[in-house]
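User: Hi! I am new to reading protein structures. Could you walk me through some features, step by step?

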Amino acid sequence: MGFCKFSKFSFLFLISILFVSTAEENARISYDRVSLLSFMSGVVSDPEISLEHWNSTNVHVCNWSGVGCNHERDQVVQLDLSGRSLKGTISPALANLSSLMVLDLSKNFFQGHIPPELGSLFQLKQLCLSWNLLEGDIPSELGFLHQLVYLDLGSNRLAGHIPSSLFCNGSYSLQYIDLSNNSLSGEIPSKTECSLRELRFLLLWSNRLIGQVPQALSNSSKLQWVDLESNMLSGELLSNIVRKMPQLQFLYLSYNDFVSHDGNTNLQPFFAALLNSSNFQELELAGNNLGGEIPSIIGDLSTNLVQVHLDDNLIYGSIPPGISNLVNLTLLNLSSNLLNGSIPPELCRMEKLERVYLSNNSLSGEIPSALGNITHLGLLDLSMNKLSGSIPDSFANLSQLRRLLLYGNQLSGTIPLSLGKCVNLEILDLSRNKLSGIIPGEVAGLRSLKIYLNLSSNHLHGPLPLELSKMDMVLAIDLSSNNLSGSIPSQLGSCIALEHLNLSSNFLEGELPDSIGQLPYLKELDVALNQLSGDIPVTFQASTSIKAMNFSFNKFHGNISDKGAFSLLTMDSFTGNDGLCGSIKGMPKCRKKHHSHLVIFLPIIVSLFATPLLLMFGYPLVLKSRFRNRL
């Protein structure tokens, strides 16, 4: 816990070297200079040349990059080398900077352990070592930094238990603790007799913490931000703790093992406890297997609330209409629960909603047409429910909509032409419904589709619209398992970003366009179970990008080689095409055309045999004819 461990001889040697250049500096700044040079010796890589002038005898220490001094310029009070891409280890010599108030080495590549000697920097107010490659335990000595206000050790490789000294013997002025994104284990060490009354931020997410959240945390009544998600914490939701945090704004408890009250059946007490937080803004409870119904008092939470994540739980019952009182909500995620009933039309009053996730529940009834009035809506996911009826025409009003996911329902009717007015749409997935009619050209021509178009497993019929060729940014198109007919337009070769194309299980006929095989990024093609005919174009075999193809159960014919892209395929990709032959394992060999040689040599053979016969029989006849003429 003392000073850096280097010999008195080394120290005197460095002082003697620097004596001339530091003649104008007093003893304290000279001492700090030596400590900084010792720190620099532990840096093995400085790609941005941040420490270039540290070796210069002509540059005052207080002018070194990242170094800050007091007003008298006789003591180093700040060392900020954040984001300099430095590699090496943190020298314990930094502990000799006795007046240091700020130490920030974040966003570098420092390795090794955190020196416990840093615990002797009694003037330190800010310690930030986040986003490095530090490992090992957190030194308990850091708990004796009684002036510390800000501690950030997040996003390293730290392990072991959190030292109890951080929560018990530590600074009473500590306002910020971030130990997130490490591999810390054990329990949160706060005890009843300990209190961090000035604590505003507690970030422990993405560790391996276990046990219950200590009741002593309620003593930190000024907490504004609590993030404990992605651990293995257990016990009932923190009703008795958050009730005493009137300034709470952000609470993240997702992906732990919390349960609701009364044997995981009652969410009411927890939401009631949050009513005391008048400036509450974000709530995340996802992935805890919480049971119970969403209480109606959710609508009485702070109107400052902008995000609610209750997804991936065991919440049942209906969506309470009162939730619409959260008029500033921008994100609502209730997906992957056991919710039933209809989508309350009151949701449409929440005009600031930008993302709505209600997927993977048992919601029924029709999609409220008033959803089209939420003009800021950018994502709507109602997939994997039991919704019926038609897709509302009012969706044409959603000019900001980027992702529309309605797959896995019981929707019927036609695809509304008005969807073509959603000019910012990037994902459209209407698959696994009961939609009928043709694919509207207005929808097929949405140039904004950048990710995928999925209309598979419906009852769509008619030809493939030529407007599909306008999707020059789309990555995947899936129109499989419909009743589509006609030919595949060669213009699909204009979808130059396409990586996945699935047209299987339809009634498509004619030849497969060679332009599709020339798509530069195509990885997967499935045209199985159609009525396609002709040769398989050589462009598919010559493709360097395609890794998976399925031509099975069509009427293709011709010779198939196991070369090029076809070397990755098996007979399964070609089965059900009786006219195909070639060198693919399990495929019939192509017959050699022996008659072709006979056609070439037959005139020669005939002439060889005909000449002697003409000589034997033709010449006497000629003589006889001449004799008769003489008579």
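User: Let's begin with the sheet that contains β8 and β18. In what order do its strands lie, and how do they pair?

Analyst: Here is the general idea: strands of a sheet pair through backbone hydrogen bonds, either parallel or antiparallel. In this model, which is predicted, six strands make an open sheet in the order β8-β10-β12-β14-β16-β18, and the pairing is parallel. At the edges are β8 (135–136) and β18 (257–259), each of which pairs on one side only.

User: Which way do β12 and β14 run, and how many bridges join them?

Analyst: Strand β12 covers residues 183–186 and strand β14 covers residues 208–212; they run parallel and are joined by two bridges. For a spot to look at in the 3D view, find S185, which stands opposite R208 in β14.

User: Next, disulfides. How many are there?

Analyst: First the general idea: a disulfide is a covalent bond between the sulfur atoms of two cysteines. The count for this structure is two disulfides. One is formed by C62 and C69, with sulfur atoms 2.0 Å apart. The other links C581 and C590, with sulfur atoms 1.9 Å apart.

User: Why is the disulfide of C62 and C69 called left-handed?

Analyst: Look at the torsion about the S-S bond. For C62 and C69 this torsion is about -100°, so the disulfide is left-handed. The link of C581 and C590 has 95° about the S-S bond and is right-handed.

User: Are C581 and C590 buried or partly exposed?

Analyst: Relative accessible area tells us: under 20% is buried, over 50% is exposed, and in between is partly exposed. C581 has a relative accessible area of 17%, so C581 is buried. C590 has 30%, so C590 is partly exposed.

User: Where do S457 and S481 lie?

Analyst: S457 lies in the loop between β33 (452–454) and β34 (459–462). S481 is in the loop between β35 (476–478) and β36 (483–486). As for accessibility, S457 counts as partly exposed because its value is 31%. S481 is partly exposed too, because its relative accessible area is 32%.

User: Last topic: cavities. How many of 30 Å³ or more does the structure hold?

Analyst: A cavity is a place where a probe fits but cannot get out. The structure holds two cavities of 30 Å³ or more. The largest cavity has a volume of about 40 Å³.

User: Which residues line the largest cavity, and what classes are they?

Analyst: Its lining consists of F167, S190, C194, S195, L196, L199, A216, L217 and S220. Sorted by class, the lining of the largest cavity has six nonpolar residues, three polar residues and no charged residues.

Technical notes: Residues are numbered from 1 along each chain as its sequence is written. This is a predicted model: local features need pLDDT of at least 70, side-chain atom pairs count only at pLDDT 80 or more; totals for chains, interfaces and linings use all residues. Side-chain values use heavy atoms; hydrogens and water are left out. Helices (H or I, at least four residues) and strands (E, at least two) are DSSP runs, numbered from the N terminus. Buried means under 20% relative accessible area, exposed over 50%, partly exposed in between (1.4 Å probe, protein chains only). On a 1 Å grid over the protein atoms alone, a cavity is a set of points where a 1.4 Å probe fits but cannot get out, and a pocket is an open set with protein on both sides within 12 Å along at least five of seven lines; lining residues have an atom within 4 Å of a point. Grid points are joined across faces, edges and corners, and a volume is the space filled by probe spheres set on the points. Ala, Val, Leu, Ile, Met, Phe, Trp, Tyr, Cys and Pro count as nonpolar, Asp, Glu, Lys and Arg as charged, and the others, Gly among them, as polar. A disulfide is a pair of cysteine sulfur atoms within 2.5 Å. Two strands pair if DSSP finds at least two bridges between them.
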